[in-house]
Amino acid sequence: MTSARSAVLTSALQRVPRHAFAPSIEVLITARALLGIAGATIAPASLGLIVTLFPETGDRARAIGLWMACFMVGIALGPSLGGLLLEHLWWGAVFLPGVVVMLAVLVTGRRALPESEIKADTSLDVAGALLLGTAILSLVFSLKAAVLSSVAGASTAVGGFVLSMLALSVFIWRARRRSHPLIPVSLFAQRRFTAAVGLMTVCAVLIGGTYFYFAQYLQLAAELSPVEAGLVMIIPAVALGLGSAIGPVLTRWITPAQTLAIGLLVAAGGFAVLATTLDEGGVRFAIIGFSLAYLGFGPGAALGTDIIVGTVPSRDAGASSAISETGTELGQAFGIAALGSAGTVIYRGYLAPYVEHLDADQTHALHEGVMETLEQVPGLIDVVQTAFAHSFALIAAGAALVTLVLAALAIPLLRPSGSPREARDTALRI
């Protein structure tokens, strides 16, 4: 990185406001949490409407593929729009387009969206929600604490994991005994349902973790501007949407499980390309590899979702949709936490030989990340960029191996049990 570019980035960091319209970071985090709670209702509700509007498996698969493609278009537009806003406005401006979209939904939603005739229980399992939230937050916290190079960090990680498993066990115990639990765990007695949820969750871990890494790689190692990085991120997002649209079409000739397995093989190949090009600084090949990985995940995103909602009775459409989306969202969050923590360990290990010549503040900055190093130790920026690319390459190699395992498991786990009803409902012959 040139000294001029370092000066520009440092100056930009100094001008960044520390909050948006929120008066404190605590208010900002609380507002983001409320956004997450509200946003979590949208995807399951829309997916539940698709299930009730398209009871036929072929139509439903195409509708879910289109739904997923639209979802990916939003993901593609988000980074580029955010980068454009960051170039000209303060960082809090990235939240403002969502206000316009939500106002439009409020005005048109009741007229344009149909109501489902399926009536669900309206009771809220508050204790179940608290238990599940405790399990999730404790697990994420333990993953982040695990990278701390101290006895306190290790003990905190173990304690968080134990608390997570305890809360999850109590949650499952309560859910089995309630008539209307937060999550109907009885649905997991169906092999294909459980397998599809598991496969999609693991895929979401890989998608979320590598997306998080790749976005940073483009700016911190490849030295692209926020707008340039946002434009590049459109390519893999479009590839994922394209794959989700193609997947249901391929089931005219092969089964959904075979389609999903082939897609995962393509994704594994994309990760392999990514892993072998990052250390050499091949940005173009890295973009190609990452886009191939997302293209391969596309069929599973659509067909996996269809298997989840199509293997349960219609009265459970809302619950299965919620489980599908919850697994995907949690998987992406765990991917950022788990792969980010693993990458941090690799990153720090690569930098270990350079630490002994630095003072305490510089060592702390070096371990914190590329932007901190840019401010405190600009002379080592090339080393830090290489360390970041190296850690991402190893993460991508691990993702390729995991994806290969998923491809091998997809066909036996997602094969219909042979009952006439299940075979008819999940054949997806269009």
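**The nonpolar core and its surroundings**

Tutor: The largest nonpolar core has 62 residues, and those with the most contacts inside it are Phe-214, Tyr-217, Leu-264, Leu-274, Phe-297 and Leu-414. A nonpolar core is here a set of buried Ala, Val, Leu, Ile, Met, Phe, Trp, Tyr and Cys residues joined through side-chain atoms within 4.5 Å. Buried means under 20% relative accessible area, exposed means over 50%, and partly exposed lies in between, with a 1.4 Å probe and protein chains only. Two or more residues of this core come from each of helix H6 (126-145), helix H8 (191-221), H9, helix H10 (256-277), helix H11 (283-310), helix H12 (317-355) and helix H15 (381-414). Apart from this core lies another, of 8 residues, including Leu-47, Ile-64, Met-68 and Val-309. As background, nonpolar side chains in soluble globular proteins tend to be buried together.

The model is predicted: local features need pLDDT of at least 70 and side-chain atom pairs count only at pLDDT 80 or more, whereas totals for chains, interfaces and linings use all residues. Residues are numbered from 1 along each chain as its sequence is written, and side-chain values use heavy atoms, with hydrogens and water left out.

Consider the chain as a whole. Of the 430 residues in the chain, 43% are buried. Among the contacts (heavy atoms within 4.5 Å) with a separation of 6 or more, 79% join residues 24 or more positions apart.

Leaving out residues up to four places away in sequence, Leu-264 touches Cys-203, Gly-296, Phe-297, Thr-403, Leu-406, Ala-407 and Ala-410.

The aromatic rings come next. Rings of Phe, Tyr and Trp (its six-membered ring) pair if their centres lie within 6.5 Å; planes under 30 degrees apart count as stacked, over 60 as edge-to-face and the rest as tilted. By this rule there are 10 aromatic pairs. One of them joins Phe-214 and Phe-290, and this pair is stacked because the ring centres are 4.2 Å apart and the planes lie at 15 degrees. Phe-214 belongs to helix H8 and Phe-290 to helix H11, 76 residues apart, and the pair thus links distant parts of the chain. Phe-214 has 1% relative accessibility and therefore counts as buried; Phe-290, at 0%, is buried too. Ring pairs also join Tyr-211, Phe-212, Tyr-213, Phe-214, Tyr-217, Phe-290, Tyr-294, Phe-388 and Phe-392 into a cluster.

Helix H9 (residues 226-250) contains Met-233. With a relative accessible area of 2%, Met-233 is buried. Its C-alpha atom is 7.3 Å from that of Ala-215, which is 18 residues away in sequence.

Helix H6 also holds Ser-138, which counts as buried because its relative accessibility is 10%. Beyond residues up to four places away in sequence, Ser-138 touches Gly-160, Leu-163 and Ser-164.

H6 takes part in the second largest pocket as well: H6, helix H7 (151-177), H8 and H12 each supply at least two residues of the lining. A pocket is an open set of points on a 1 Å grid over the protein atoms alone where a 1.4 Å probe fits, with protein on both sides within 12 Å along at least five of seven lines; lining residues have an atom within 4 Å of a point. The lining of this pocket has 21 residues, of which Leu-132, Leu-168, Ile-183, Leu-330 and Phe-334 lie nearest the centre.

Two loop residues provide a contrast. Ser-186, in the loop between H7 and H8, has a relative accessible area of 56% and is therefore exposed. Val-94, in the loop between helix H4 (57-88) and helix H5 (96-112), counts as partly exposed because its relative accessibility is 32%.

Notes. Helix = DSSP H or I, 4+ residues; strand = E, 2+ residues; numbered from the N terminus.
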